[in-house]
Amino acid sequence: MIREIEAKALADAVRALCIEANTVLPRDLRDAICAARQTEPSPVGQAVLGDLVDNYEFADSKGLPICQDTGMAVVFLDWGQDCHLTGASLESAV
């Protein structure tokens, strides 16, 4: 069965995933940072971990990237032979 996918739908999905990856820190990582801060013996280490908490809380409240140096996206895509993209090339949609 051949499946047709609009390039815009793929581009929108990639965009949403990139935004989420840069603005939402998973709960388990938040918990790990907070736990590390509480057990960190060094005042400097505590301050750095506190800055991380401040950064992800601010990013969450404003919908901004957690880190301004977010790097370059690398997209791994499973694309079946019966899946066809319409409206643009796969590279340009991603």
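Modeller: Before we start, residues are numbered from 1 along each chain as its sequence is written, and side-chain values use heavy atoms, with hydrogens and water left out. As this is a predicted model, local features need pLDDT of at least 70 and side-chain atom pairs count only at pLDDT 80 or more, while totals for chains, interfaces and linings use all residues.

Biologist: Good to know! What pLDDT does the protein average?

Modeller: pLDDT is the predictor's confidence in each residue, from 0 to 100. Here 99% of the residues score at least 70. The average for the protein is 91.

Biologist: And which element has the highest mean pLDDT?

Modeller: Elements are DSSP runs numbered from the N terminus, with helices (H or I) of at least four residues and strands (E) of at least two. The protein has four helices and two strands, in the order β-α-α-α-β-α from the N terminus on. Helix α1 (residues 7–23) has the lowest mean pLDDT, 91. The highest, 96, belongs to helix α2 (residues 27–39).

Biologist: Now the overall form. What radius of gyration does the protein have?

Modeller: The C-alpha trace spans about 60 × 25 × 20 Å along its principal axes. The radius is taken over C-alpha atoms, and the globule rule is 2.2 Å times the number of residues to the power 0.38. A compact globule of 94 residues would come out near 12 Å, but the protein has 19 Å.

Biologist: What share of the residues is buried?

Modeller: Buried means under 20% relative accessible area, exposed over 50%, and partly exposed in between (1.4 Å probe, protein chains only). Of the 94 residues in the protein, the buried ones make up 18%.

Biologist: Let's zoom in, then. Is R30 buried or exposed?

Modeller: R30 sits in helix α2. Contact means heavy atoms within 4.5 Å, and leaving aside residues up to four places away in sequence, R30 touches L25, Y56 and D60. Because its relative accessibility is 10%, R30 counts as buried.

Biologist: Which residues does D82 touch, not counting those up to four places away in sequence?

Modeller: D82 is placed in the loop between α3 and β2, and at 36% relative accessibility it counts as partly exposed. D82 and M1 are 81 residues apart in sequence, but their C-alpha atoms are 6.6 Å apart in space. With residues up to four places away not counted, D82 touches M1, I2 and R3.

Biologist: How many Å separate the C-alpha atoms of D12 and A93?

Modeller: D12 belongs to helix α1 and is partly exposed, with a relative accessible area of 38%. D12 and A93 are 81 residues apart along the chain, and their C-alpha atoms are separated by 8.6 Å.

Biologist: Why does L77 count as partly exposed?

Modeller: L77 is in the loop between α3 (43–62) and β2 (83–86). Not counting residues up to four places away in sequence, L77 touches L90 and V94; the C-alpha atoms of L77 and V94 are 9.4 Å apart. L77 counts as partly exposed because its relative accessibility is 37%.
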